[in-house]
Amino acid sequence: GDVLFSGGLYVEGSIIGSVVAEEGCPDAVVTLSEQGVIEGEVRAPQVVVSGTLRGDVYASGKIVLTPKARVQGNIYYDVVEMAAGAM
């Protein structure tokens, strides 16, 4: 199902559905671990991806793609930090 959060969200398992930060939370962060999987849209000011993400990502602030990151979808961002090996 869909996840609506404020503050920080750390995902080690899998989510099938949208992950959205509440409006008015400029410091909200989604962190997807190496073992984590999200299948759906992600919307948050800051996004850190180390696992597998299938869906579009809307990072109004910054997105960080670590070496193990695998994203299948479009990424919309203000600032991107992409390590060697990220796809």
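Okay, let's start with the pocket: strand β7 gives the most to the lining of the largest pocket, with three residues. Before I go on, a word on what we're looking at. This is a predicted model, where local features need pLDDT of at least 70 and side-chain atom pairs count only at pLDDT 80 or more, while totals for chains, interfaces and linings use all residues. Residues are numbered from 1 along each chain as its sequence is written, and side-chain values use heavy atoms, with hydrogens and water left out.

When I say strand, I mean a DSSP run of E with at least two residues, numbered from the N terminus; helices would be H or I runs of at least four.

Back to the pocket. Its volume is about 160 Å³. A pocket here comes from a 1 Å grid over the protein atoms alone: it's an open set of points with protein on both sides within 12 Å along at least five of seven lines, whereas a cavity is a set where a 1.4 Å probe fits but cannot get out. Lining residues have an atom within 4 Å of a point. For the volume, grid points are joined across faces, edges and corners, and you take the space filled by probe spheres set on the points.

Which strands each supply at least two residues of the lining? Those are β4 (19-21), β7 (42-49) and β9. Among the lining residues you'll find Val 20, Ala 21, Arg 43, Ala 44, Pro 45, Tyr 58 and Ser 60.

Now, how are these strands connected? Two strands pair if DSSP finds at least two bridges between them. β4 and β7 run parallel and are joined by two bridges, with Val 20 having Arg 43 as its bridge partner in β7. Strand β5 (residues 29-32) also runs parallel to β7, through four bridges, and there Val 29 stands opposite Gln 46.

On to β9. Seven bridges pair β7 with β9 in the parallel sense. Ala 44 faces Ala 59 of β9 across that pairing, and Val 49 has Leu 65 as its bridge partner in β9.

Let's look at the rings. In general, you describe a pair of aromatic rings by the distance of the centres and the angle of the planes. The rule: rings of Phe, Tyr and Trp (its six-membered ring) pair if their centres lie within 6.5 Å, and planes under 30 degrees apart count as stacked, over 60 as edge-to-face and the rest as tilted. How many aromatic pairs does this rule give? One. That's Tyr 58 with Tyr 76, stacked at 4.7 Å centre to centre and 10° between the planes. Tyr 58 is in strand β9 (residues 57-65) and Tyr 76 in strand β11 (residues 75-82), so the pair ties together parts that are 18 residues apart in sequence.

Tyr 58 counts as partly exposed at 24%, and Tyr 76 counts as partly exposed at 40%.

Last stop, an open sheet of four strands. The order is β3-β6-β8-β10, with parallel pairing. β3 (14-16) and β10 (70-72) stand at the edges with a single partner strand each, so one side of each has no neighbour in the sheet. The twist averages 5° from one strand to the next, with axes being lines fitted to C-alpha atoms (for helices, over the stretch in contact) and angles running from 0 to 180 degrees between N-to-C directions.

Three bridges join β3 to strand β6 (residues 37-39), and Ile 15 has Ile 38 as its bridge partner there. Ile 15 counts as buried, at 14% relative accessibility. In β6, we also have Glu 39, which is partly exposed at 34%. And Gly 55, in the loop between β8 (52-54) and β9, counts as buried at 15%. Gly 55 and Glu 81 are 26 residues apart in sequence, and their C-alpha atoms are 19 Å apart in space.

That's my tour, thanks!

Methods:
Buried < 20%, exposed > 50% of the residue type's maximum accessible area, 1.4 Å probe, protein only.
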